Amino acid sequence: LKTKQTSQIFKFLKIIISSLLITVLLLFTIAAIRTLSLDVNAGLQLAHWEKTNNKSLVIDHHQREELLANFKEAIRIPTVSFSNTESNTTALHEFDRFLRKAFPTVFSSSLVHHELVANYSHLFWVKGSQPELVPYMLLAHIDVVPASESDGWEAPPFSAKEIDGFIYGRGTIDDKNSVMGILQALEYLLLKGYAPRRGFYIGLGHDEEISGLNGAMNIVRILKQRGVQLLFVMDEGLTISDGIIPGLEGPAALIGLSEKGQAVIKLSVSVAPGHSSMPPRETSIGILATAVKRLEDNPMPRLFGYGPEGDTFEHLAHKFSLPLKFIMSNLWLFSPLLSRILERKPVSNAFVRTTTAVTFFNAGVKINVIPSLAEAYVNLRIHSAQSVQEVLDIIKDTVGDQRVKVELVDGFDPLPISGADDKAFGFQIIKKTVLDLFPTVTVAPGICIGNTDSRHFVDLTKNIYRFSPAWFKPGDPERFHGINERISTKNYEEMIVFYFNLIQNCDIRKLPEPHSSVHEL
């Protein structure tokens, strides 16, 4: 009897093991086929795009000298936003006068209507010949964050000094490259006799670095009053990364489909004050420090794959070598594994979850007095799959101490996710323009971990894209809001050509029909 039972157990185990092996083999086969066949960028060049008589731009020596001189002058004007209540308004007025001098055709053309908004921002309407075509909008911002030469700049931050083919200065990549690139492209188009079929707006905010509450929000208010709806909006955000993503073969242009939300949360502890010679077992600082440590020891949950970041890696998968290519081509199977890999580094951890950063800690008034009040401020960048309220609830649960008061100071939910499929006009036009100019670049959707003026435009369009054709190589991301911000003269010229082509590409009535179920656009 025992022999028979043992035999049955072995048979059962063999069936289980065989089933597991077959399942694993089947999953591996499916994953291998997907790895070999997945190329979401295949076929773009085969799509039958509507024929347009696009004008070409070949920049001669004289034009190159002029456009670089204009760009350098723009950098030299210190349009700094210092705080929510302080901006360099003198510089903003100077920048207005400069724009009118640098782009005389834009400001004099009968096709272009220009108006100042909130004293310092600019709104341009470029009239199209076919008013039935829904307009779009290009956004950029004039203001910059503070910079001081004493921080270690190789050249003064408002000198626009050229070193080894790079122009150094605050605003060269955030965001006067876009401001000047867009207007320079329009200037050249108008000089060539271009008249758009599809009308479009250009919005230049003056206070993006302090949330755009006057510039962008007043531009939105004006457009709402006029009943304007937009086909899409394109603003700054993601760039062309070359050598930034470990293991990726070749450069990648990431087009941001959304932005993370943001919240500022205040933690505070109030106790009776006392003398340092007779301290209690726990002080206000100690209680608050423990709460802060709990937040740092218990990060927000991993949410990789619940936002657009999953599509980013699938679009890039075919440009990785094995085994990463195998993993990224099959996120349906390996998402948990990849998220654990990504969370190891601060840059990639931002794609995986809502990030938590303690940015202020205030307590104490005198060396021998135990403070009655201790405060800390926490800045959170919220993943697309969460809301401000969900994050606030998790903070309260993690702190888990009734003595610590948790208050929401300010915040907004993550932005809606814009389309990136075959029918997403804005995404596909940007993608086509990138690939026409940079054929070796891989284009993928992405998510912006910072915030832009474009978030104020959600009532005017469902499609907001965050992309600038600036090239970022190793070390360049740190220049953003950091020291030695710079752009190569070649890249700035490429940006002008990009916007020159993008505006013309938007003149098609509709996107071409895809040839198959594979992403051809």
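The legends below describe close-up views of a predicted model. In this model, local features need pLDDT of at least 70 and side-chain atom pairs count only at pLDDT 80 or more, while totals for chains, interfaces and linings use all residues. Residues are numbered from 1 along each chain as its sequence is written, and side-chain values use heavy atoms, with hydrogens and water left out.

**View 1. An open sheet of four strands has antiparallel pairing.** The strand order is S13-S15-S11-S16. Strands (E, at least two residues) and helices (H or I, at least four) are DSSP runs numbered from the N terminus, and two strands pair if DSSP finds at least two bridges between them. S13 (355-363) and S16 (405-412) are the edge strands; each has a single partner strand, so one side of each is left without a neighbour in the sheet. On average, neighbouring strands of this sheet are turned by 20° against each other, direction ignored. S13 and S15 (residues 373-382) run antiparallel and are joined by eight bridges. Threonine 356 has leucine 380 in S15 as its bridge partner.

**View 2. Helices H7 and H12 lie across strands of the four-stranded sheet.** H7 (residues 284-297) lies across S11 (261-270), S13 and S15, and runs at about 15° to S15. H12 (residues 388-399) lies across S11, S15 and S16, and runs at about 160° to S16. Contact means heavy atoms within 4.5 Å. Axes are lines fitted to C-alpha atoms, for helices over the stretch in contact, and angles run from 0 to 180 degrees between N-to-C directions.

**View 3. An open sheet of three strands has the order S6-S7-S19.** Its pairing is antiparallel. S6 (162-163) and S19 (486-488) stand at the edges with a single partner strand each, so one side of each lacks a neighbour in the sheet. Three bridges connect S7 (residues 166-168) with S19, and tyrosine 168 has arginine 486 in S19 as its bridge partner. Helix H2 (residues 61-76) packs on the sheet and touches S6, S7 and S19, with its direction at about 25° to that of S7. Helix H14 (residues 489-505) also packs on the sheet, touching S6, S7 and S19, and its direction makes about 75° with that of S19.

**View 4. Phenylalanine 71 and tyrosine 492 form one of the 15 aromatic pairs in the structure.** Rings of Phe, Tyr and Trp (its six-membered ring) pair if their centres lie within 6.5 Å; planes under 30 degrees apart count as stacked, over 60 as edge-to-face and the rest as tilted. This pair is stacked, at 4.1 Å centre to centre with 15° between the planes. Phenylalanine 71 belongs to H2 and tyrosine 492 to H14, 421 residues apart. Phenylalanine 71 counts as buried because its relative accessibility is 0%, and tyrosine 492 is likewise buried at 0%. Buried means under 20% relative accessible area, exposed over 50%, and partly exposed in between (1.4 Å probe, protein chains only).

**View 5. Tryptophan 125 and tyrosine 201 form a tilted pair.** Their ring centres are 4.5 Å apart and their planes are at 35°. Tryptophan 125 is in strand S4 (residues 121-126) and tyrosine 201 in strand S8 (residues 200-205), 76 residues apart. Tryptophan 125 is partly exposed at 26% relative accessibility, whereas tyrosine 201 is buried at 9%.

**View 6. The charged end of arginine 486 sits over the ring of phenylalanine 166.** The distance to the ring centre is 3.8 Å. Lysine 432 lies over the face of tryptophan 49, at 4.9 Å from the ring centre. A charge sits over a ring if NZ of Lys or CZ of Arg is within 6 Å of the ring centre and within 35 degrees of the ring normal.
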